[in-house]
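Me: Could we go through the charged side-chain contacts in this one together? I have the structure open.

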Amino acid sequence: MPDRRTVLKLGAGAAAVLGAALAWRARDQGVFSTGEGPAYLPWKTWEGGEAGTPQRLVRAAILAASPHNTQPWRFRVAPASIDLFADRARNVGAIDPLLREMHIGLGCALENLTLAASAQGFEHRLTLFPNPGDATHVAHVKLEPGRKLASPLYEAIPRRHTNRGAYEVSRSVDPSVLERMQALGADLELVSVRWVTGTDSRRELGELIVQATEAIISDREQSRDSAAWFRATWEEIQQKRDGLTVDAQALPGWMRAAAKVLPPTGQERSDQFWLKATREVHVATAMVYGVLLARDPLDNSNRVQGGRLWQRMHLWAQTQGIAMQPLNQVPERADRERGLGTEPRFGNALRELAGGREWHALMPFRLGYPTRDALASPRRSVEQVMAA
């Protein structure tokens, strides 16, 4: 039988091996390299390249928000124009069967692009869906020389990130802030926004969002298609340069490090984590909800305008220290019901959210003052999103 000294030596050796293994795993998973590597380079080089060229506009466009960070866009650049196309291969499947979220994301990219056009000294003329024979041709942007005008929204582009963390529950958003945000869409006649601020109405909407989340994770196809866009390893992030990551969840530092070091969890456990975060973080700390509205939520021009308004509001919120997060679960279930032809439980609830017959709910979201900063998501390079 080994003596006490031998046991202590063996224990110290095992601890050293374990520590070395954990350190290697931490390095391998990018624990010490948050926001680094090729997947994050577009955030740092967004104003790179030759000034005053159309390519500079695309560098800004690719930093826009998109569903599940799918980045469903392609660009064709000419000396005096840029064309935006939908890359339907980057659809989220059963989560977005009607391509609602995809076109909202394309609208976000278009908003960044037009802001960059003004900042780079271009006058622009925008035509949505210019080719009736090609539904993937989302926009044609004609460019002409003009006066440089870099707005605060343009300057906020590299700092805008979706914040999925907790918001301050002791600090409300002043009604004047909501009025200013709503006024940002004055030139977008197809879309608007409605605010949900009352205690009872916020509770009811929060409960509905949780119920929709439960329905999604109970739907095997929706759960699978959502999980397909989660990037669990550092190598996968750098290779694919898209999707959702641990860093983008706005977790406390120790929890973020642990999630990277520990082995990946199964889909069922990941679904339960998402449900718990929805109930105990997203809904529990939502002091204000907004509902993005459209005249016709099934029309892609309405959806693209909705994306432009969302991106515009999010950029302005960034300048005010306000965090924002889409909460798409209810429309995702409503779209699924429509696709399957089943009873429109969430579809009916979505109609009530609009608050009238003139408008229809396109996307609920929350906003508030963050308790921690959001981190960047990976991005594909300009070269990877160019159309042939």
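Me: How many salt bridges does the structure hold?
Reply: The structure holds 21 salt bridges, each being a side-chain nitrogen of Lys or Arg within 4 Å of a carboxyl oxygen of Asp or Glu. This is a predicted model, in which local features need pLDDT of at least 70 and side-chain atom pairs count only at pLDDT 80 or more, while totals for chains, interfaces and linings use all residues. Residues are numbered from 1 along each chain as its sequence is written, and side-chain values use heavy atoms, with hydrogens and water left out.

Me: Which side chain meets Asp242 in a salt bridge?
Reply: That is Arg90, at 2.3 Å from N to O. Asp242 sits in the loop between helix H9 (234-240) and helix H10 (253-261), and Arg90 in the loop between strand S2 (81-86) and helix H4 (100-119), 152 residues apart. Helices (H or I, at least four residues) and strands (E, at least two) are DSSP runs, numbered from the N terminus.

Me: And is Asp242 buried or exposed?
Reply: Asp242 counts as buried at 4% relative accessibility, and Arg90 is buried as well, at 13%; buried means under 20% relative accessible area, exposed over 50%, and partly exposed in between (1.4 Å probe, protein chains only).

Me: Switching topic, what does Arg279 pair with?
Reply: Arg279 forms a salt bridge with Glu214 (3.3 Å, N to O). Arg279 lies in helix H11 (residues 267-282) and Glu214 in helix H7 (residues 199-218), so the pair ties together parts 65 residues apart in sequence. Arg279 is partly exposed at 38%, and Glu214 is partly exposed at 30%.
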